[in-house]
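Reader: I have a structure on screen and would like to learn how to read it. Could you take me through it feature by feature?

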Amino acid sequence: MRVAVFDLDGTITRQDTFVPYLRGWLRRHPRLGYVRPVVVAGLRYTLTGPDRGRLKSDLLRACMSGATMDAVQRWTAEFVAGLGDAELCPGALAAIARHRGAGDRLILLSASVDLYVPDVGRRLGFEETLCTGVAWRDGRLDGSLTTANRRAGEKRRCIEILRDRFPGARFAAYGNSGADLAHMTAVEEPLLVNAGPRLRDAARKLGIRSEEWRNKSPGRTVQSA
């Protein structure tokens with residue numbers, strides 16, 4: 001058995017998805033007074049240390065706190081349906097198709113939030129999604145996190161949990177950032193994608209191959225699986 005673990009932002013998609021998700025929400029649900037808390041969140045992140053989980057929660061609260069579940073689900077469906085050739089890396093879609101054709105188990109492992117990542121996973125045919133959880137209170141979005149931010153060492157911890165669930169399985173992992181090296185060094189088949197020269201060099205020293213997935217000839221846009 002083989003388990004294929006894919007990062008989302010910058011690996012399957014060409015760029016980050018979290019900020020575009022928030023921007024799209026604000027365009028459809030204008031909110032007075034959100035700019036100041038966004039600026040404060042950025043300053044806190046810069047001045048008190050790079051806590052990405054705290055920043056993520058602060059931005060969610062500034063832009064979406066109090067949103068109803070129905071409204072969020074409607075926007076999520078629109079956002080996910082809008083991911084097309086301009087947003088998705090053709091090399092990633094090809095790799096997902098290869099693993100699916102081989103009968104491998106597909107797992108999406110992302111630091112982005114569970115407001116939309118599971119929907120992306122279902123659209124692309126992943127059997128399971130692990131991502132950062134967000135809290136709700138009485139049917140409205142709270143914005144605090146219910147899990148650790150699924151990044152760097154936390155992704156490696158997720159790989160260790162998956163190994164306990166799938167003993168004897170061979171693992172492949174795909175990521176695009178320096179933080180992803182933490183869990184990619186813990187699998188048998190790591191591949192760094194869409195990275196710059198310095199990161200490719202760092203990966204090579206760890207025995208990790210690199211590929212460019214953004215500029216391959218696009219195939220058929222993936223439909224709902």
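Author: We will go from the sheet to the helices and then to a single residue. Keep in mind that this is a predicted model.

Reader: Start with the sheet. How do strands pair in general, and what is the strand order here?

Author: Strands of a sheet pair through backbone hydrogen bonds, either parallel or antiparallel. Here an open sheet of six strands runs in the order β3-β2-β1-β6-β7-β8. The pairing is parallel. From one strand to the next, the twist averages 20 degrees.

Reader: Which strands stand at the edges?

Author: β3 and β8 (209–211) do. Each has a single partner strand, so one side of each is left without a neighbour in the sheet.

Reader: Show me one pair up close. How many bridges join β6 to β7?

Author: Four bridges join them. β6 covers residues 170–175 and β7 covers residues 189–193, and the two run parallel. For a landmark, find Tyr174, which stands opposite Leu191 in β7.

Reader: Where do I look for antiparallel strands?

Author: Look at β4 (residues 134–137) and β5 (residues 140–145). Three bridges join these antiparallel strands. Arg137 has Arg140 in β5 as its bridge partner. The two strands form a hairpin, with two residues between them. In the turn, Asp138 has a positive phi of about 55 degrees.

Reader: Now the helices. Which strands does α7 lie across?

Author: Helix α7 (residues 153–165) lies across β1 (2–6), β2, β3 and β6. Its direction is at about 150 degrees to β2.

Reader: How do I read two helices against each other? Take α1 and α3: at what angle do they cross?

Author: Start with the angle, then the handedness, then the residues that meet. Helix α1 (residues 18–28) and helix α3 (residues 52–64) have axes that come within 10 Å and cross at roughly 15 degrees. An angle under 35 degrees counts as roughly parallel, so that is how α1 and α3 lie to each other. Their crossing is left-handed. On the α1 side, the contact uses Phe18, Tyr21, Leu22, Trp25 and Leu26. On the α3 side are Lys56, Leu59, Leu60, Cys63 and Met64. By class, that contact has nine nonpolar residues, no polar ones and one charged.

Reader: And α4 with α6: left-handed or right-handed?

Author: Right-handed. The axes of α4 and α6 come within 10 Å and cross at roughly 45 degrees. The two helices are therefore oblique to each other. Thr76, Val80 and Ala81 in α4 meet Asp119, Val120 and Arg123 in α6. This contact of α4 with α6 has three nonpolar, one polar and two charged residues.

Reader: How many residues of α6 are buried?

Author: Six of the eight residues in α6 (residues 117–124) are buried, so the helix is largely enclosed by the rest of the structure. They are Val117, Pro118, Val120, Gly121, Arg123 and Leu124. These buried residues pack against α4 (69–81), α5 (90–101), β2 (105–113) and β3 (128–132). Gly125 follows α6, and its phi is positive, near 90 degrees.

Reader: Finish with one residue. Is Thr76 buried or exposed?

Author: Thr76 sits in helix α4. Its relative accessible area is 2%, and it is buried.

Reader: What is Thr76 in contact with?

Author: Set aside its neighbours within four places in sequence. Thr76 is then in contact with Tyr21, Leu115, Tyr116 and Asp119. Tyr21 belongs to the α1 contact with α3, and Asp119 is in α6.

How values were computed
Residues numbered from 1 in each chain as written. Predicted model: local features only at pLDDT ≥ 70, side-chain atom pairs only at ≥ 80, totals over all residues. Heavy atoms only, no water. Axes fitted to C-alpha atoms, helices over the stretch in contact; angles between N-to-C directions. Parallel < 35°, antiparallel > 145°, perpendicular 65-115°, else oblique. Left-handed = near helix turned anticlockwise from the far one by under 90°. Contact = heavy atoms within 4.5 Å. Nonpolar A, V, L, I, M, F, W, Y, C, P; charged D, E, K, R; others polar. Pairing = 2+ DSSP bridges. Buried < 20%, exposed > 50% of the residue type's maximum accessible area, 1.4 Å probe, protein only.
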